[in-house]
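Thanks for coming, everyone. Please have a look at the model on the screen, and then I'll walk you through it.

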2 protein chains.
Amino acid sequence: MLTLYSWNVNGLRAAAKKGFLDWLHTAQPDILGLQETKCSPDQLDKALRQPEGYHTYWGVSERPGYSGAALYTRQKPNHVQIGLGIPEYDREGRTIVAEYDKFVLIVAYFPNGGRDLSRVPFKMAYCADFFDYCNQLRQQGKHVIFCGDVNTAHQAIDLARPKQNQKHTGFLPEERAWIDQVIAAGYVDTFRALPPEQTDAYSWWTYISNARSRNVGGRLH
Amino acid sequence: MLTLYSWNVNGLRAAAKKGFLDWLHTAQPDILGLQETKCSPDQLDKALRQPEGYHTYWGVSERPGYSGAALYTRQKPNHVQIGLGIPEYDREGRTIVAEYDKFVLIVAYFPNGGRDLSRVPFKMAYCADFFDYCNQLRQQGKHVIFCGDVNTAHQAIDLARPKQNQKHTGFLPEERAWIDQVIAAGYVDTFRALPPEQTDAYSWWTYISNARSRNVGGRLH
DNA sequence: CCTTAGAAG
DNA sequence: CTTCGAAGG
């Protein structure tokens, strides 16, 4: 058995102040993928940068305090690549690719489309290139597991307010179609281990207006 | 008897969170001059903007969150002018002039000369124009009281580290000379009511390296 | 080290 | 609402 967690921490340094390391030492994941770390490792204490028992790898944005991904892993991967090999995404530290004996694990922080939708094209481009990258690995006979923050809700059941979100990034037809495509290709959405009709099961809430306490959220995969 | 307080609050909204209104209602000053309010009145609650028993007047910078002065007064002045009438200073909300029956009270937040000394000329210009303004009032037979943050230490006794500050704004020869000039003109430094040789009596400390707990400070008038 | 505004989410 | 960096002090 192997436990894998994925977590958008919204600032690893902020998360650290709220007990990230306590959680890590309690949960003891074999593999942990983080998104929105908003830091580079040299801004961190040793305890956070390299906790006892873990190897860590970092995707760092050129822009300080923005984006970023991290991989914490008990077993050292055979090989780790930071980035997809495409500068426009790798500049933002969004992707970490780790090869283990039996599978390739990818930590990915998909772009946010932006309040004004200005980054939707960039997001869709990342989606397409990311999918290509995974498919190439599969063609080489590798098993692909990816975790991260896809920044998209798949179906109406994944949102508390699907109608209000039709025209917002995170629930646009083209964004949702990308997930259709991924599932059609045989990927399994682990969150679907929940009963398929399960409602009100979310993994994200906006900070605005106490949405979390009211459970007005979304499941953004 | 009339009590007058002057206080650089470094953000009135922040000061409010730390009990500014409690202090106000305890100290009950007749006149209170504030500097570095870093706000406009419409960013404030009624209780802060217009506390029971006070008339308030506001110097507001065009740049949000920057500079700013305020006057809280129990008695309504006969006339209040916001600014010195000189746009380059008034744009930064540094000055409030209030005429009472027996005196004119000026609240002034003198410019900081800047880490790199780039604003020393601006500061000296404000000093000169401010002094001229006061002298014009005196020529009209008015008594002038001014309070505020002059951002300058007069003598070595006013600083814990005079030698290290010779070349820093706040203790430059020309800045100190301006205070000489003001005192020569007959103004009384109320802080001098302390025994003249009193050391280690400061009104300002940098936030850096716990300077306040070590009382490594300055008296910036 | 503190405060604020601004960008991004 | 929250995070972070920037400017100013």
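Let's start with a term: contact means heavy atoms within 4.5 Å. This is a predicted model, where local features need pLDDT of at least 70, side-chain atom pairs count only at pLDDT 80 or more, and totals for chains, interfaces and linings use all residues. Residues are numbered from 1 along each chain as its sequence is written, chains are lettered from A and ligands numbered from 1 in the order in which they are written, and side-chain values use heavy atoms, with hydrogens and water left out.

First stop, chain B. Ile145(B) sits in strand E8, residues 144-149. Helices (H or I, at least four residues) and strands (E, at least two) are DSSP runs, numbered from the N terminus. What does Ile145(B) touch, not counting residues up to four places away in sequence? The list is Leu4(B), Phe103(B), Val104(B), Leu105(B) and Ile106(B). Buried means under 20% relative accessible area, exposed over 50%, and partly exposed in between, using a 1.4 Å probe and protein chains only. Ala98(B) is 47 residues away along the chain, and its C-alpha is 9.9 Å from that of Ile145(B).

Now chain A. It has six helices and ten strands. Of its 221 residues, 43% count as buried.

Focus on helix H5(A). Its 20 residues reach 28 Å from first C-alpha to last. That is close to the 28 Å expected at 1.5 Å a residue; the expected span is 1.5 Å times one less than the number of residues. Its buried residues include Phe122(A), Tyr126(A), Phe130(A) and Leu137(A). Strands E5, E6, E7 and E8 are among the elements covering the buried residues, and so are helices H4 and H6.

Last, the helix pair. The axes of H5(A) and H6(A) come within 11 Å and cross at roughly 5°. Axes are lines fitted to C-alpha atoms, for helices over the stretch in contact, and angles run from 0 to 180 degrees between N-to-C directions. The two helices are therefore roughly parallel, a label for angles under 35 degrees. Met124(A) of H5(A) and Trp178(A) of H6(A) are among the residues making the contact.

Terms used:
Angles under 35 degrees count as roughly parallel, over 145 as roughly antiparallel, 65 to 115 as roughly perpendicular and the rest as oblique.
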